[in-house]
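User: I would like the terms used for this structure checked against their cut-offs. Please take them one by one.

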Amino acid sequence: SVDGRSGLKFQWKRIADTNQRIDPSLSNVIDIFVLTNNYDTLYRDWLANDRDENTEPLAPTTEELKTQFVNISHKKSVSDSIIYRSAKYKPLFGDTADTELQAKFRVVKVRGTTLTDSEVQSRVADAVEEFFDIDNWDFGETFYFTELAAYVHKELAGVLSSFVIVPQGAGSVFGDMFEFTPNSDELIIPDVNVNDIDIITNITDANIKAGS
């Protein structure tokens with residue numbers, strides 16, 4: 001044995017070489033939000049047909065996703081811990097949406113257009129669906145009505161002169177649906193059909209009153 005010394009203060013600093021780096025944590029927890037094709041298909045089919053809240057498709061659980069993606073887990077770093085979290089759809093506008101997120105659209109046609117009311121309603125509904133194309137949105141991304149209105153006007157140029165949104169929730173006021181931010185694990189999906197689009201002759205305080 002070798003005699004030591006007492007009363008010494010010791011400080012050790014680990015300095016990485018220029019071609020190395022130090023991982024300060026034992027494990028890096030990485031959350032990955034996933035929208036599966038199966039959940040997407042089931043939800044869209046439910047929204048178009050069933051619409052019963054008791055049969056609304058459930059997003060897969062974390063454990064189900066972990067099993068589904070087990071074959072790619074080996075690609076992560078040793079220090080990484082991946083938590084798979086399922087994205088969920090958040091419906092807007094129709095009666096499957098939360099009460100405070102329900103709304104109708106009111107449009108005024110350009111004078112002289114040859115399109116019938118039903119044709120305009122159908123084209124507006126299609127434009128709203130296209131605006132919310134899943135490829136154009138990120139989880140938790142904020143919806144701004146001004147952007148939707150600009151898109152609808154562009155798609156129906158020469159057909160519409162006005163396009164407004166009218167909240168339907170109890171206690172709502174005009175302007176409540178001009179902006180909405182879902183949770184970080186949610187994607188907005190429009191629940192809208194021709195019955196949610198009213199053709200009016202002009203914009204007045206009465207016909208854009210919330211709940212009307």
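Predicted model: local features only at pLDDT ≥ 70, side-chain atom pairs only at ≥ 80, totals over all residues.

User: Why is H3 called oblique to H4?

Analyst: The axes of helix H3 (residues 117-131) and helix H4 (residues 145-155) cross at roughly 130° and come within 9 Å. Angles under 35 degrees count as roughly parallel, over 145 as roughly antiparallel, 65 to 115 as roughly perpendicular and the rest as oblique. H3 is therefore oblique to H4. Axes here are lines fitted to C-alpha atoms, for helices over the stretch in contact, with angles from 0 to 180 degrees between N-to-C directions.

User: Which residues of H3 and H4 meet?

Analyst: Arg123, Ala127, Val128, Glu130 and Phe131 in H3 meet Glu147, Leu148, Tyr151, Val152 and Glu155 in H4; contact means heavy atoms within 4.5 Å. The residues of this contact divide into six nonpolar, no polar and four charged.

User: What makes E6 and E9 edge strands?

Analyst: The open sheet of three strands has the order E6-E4-E9, with mixed pairing. Strand E6 (160-167) and strand E9 (197-200) each pair on one side only, where pairing requires at least two bridges found by DSSP. Strand E4 (residues 103-109) and E9 pair in the parallel sense over four bridges, and the bridge partner of Val107 in E9 is Ile199.

User: Why is the pair of Phe33 and Phe139 called edge-to-face?

Analyst: A search of the whole structure finds 18 aromatic pairs. Rings of Phe, Tyr and Trp (its six-membered ring) pair if their centres lie within 6.5 Å; planes under 30 degrees apart count as stacked, over 60 as edge-to-face and the rest as tilted. The centres of Phe33 and Phe139 are 6.0 Å apart and their planes are at 65°, so the pair is edge-to-face.

Definitions and conventions:
Residues numbered from 1 in each chain as written. Heavy atoms only, no water. Helix = DSSP H or I, 4+ residues; strand = E, 2+ residues; numbered from the N terminus. Nonpolar A, V, L, I, M, F, W, Y, C, P; charged D, E, K, R; others polar.
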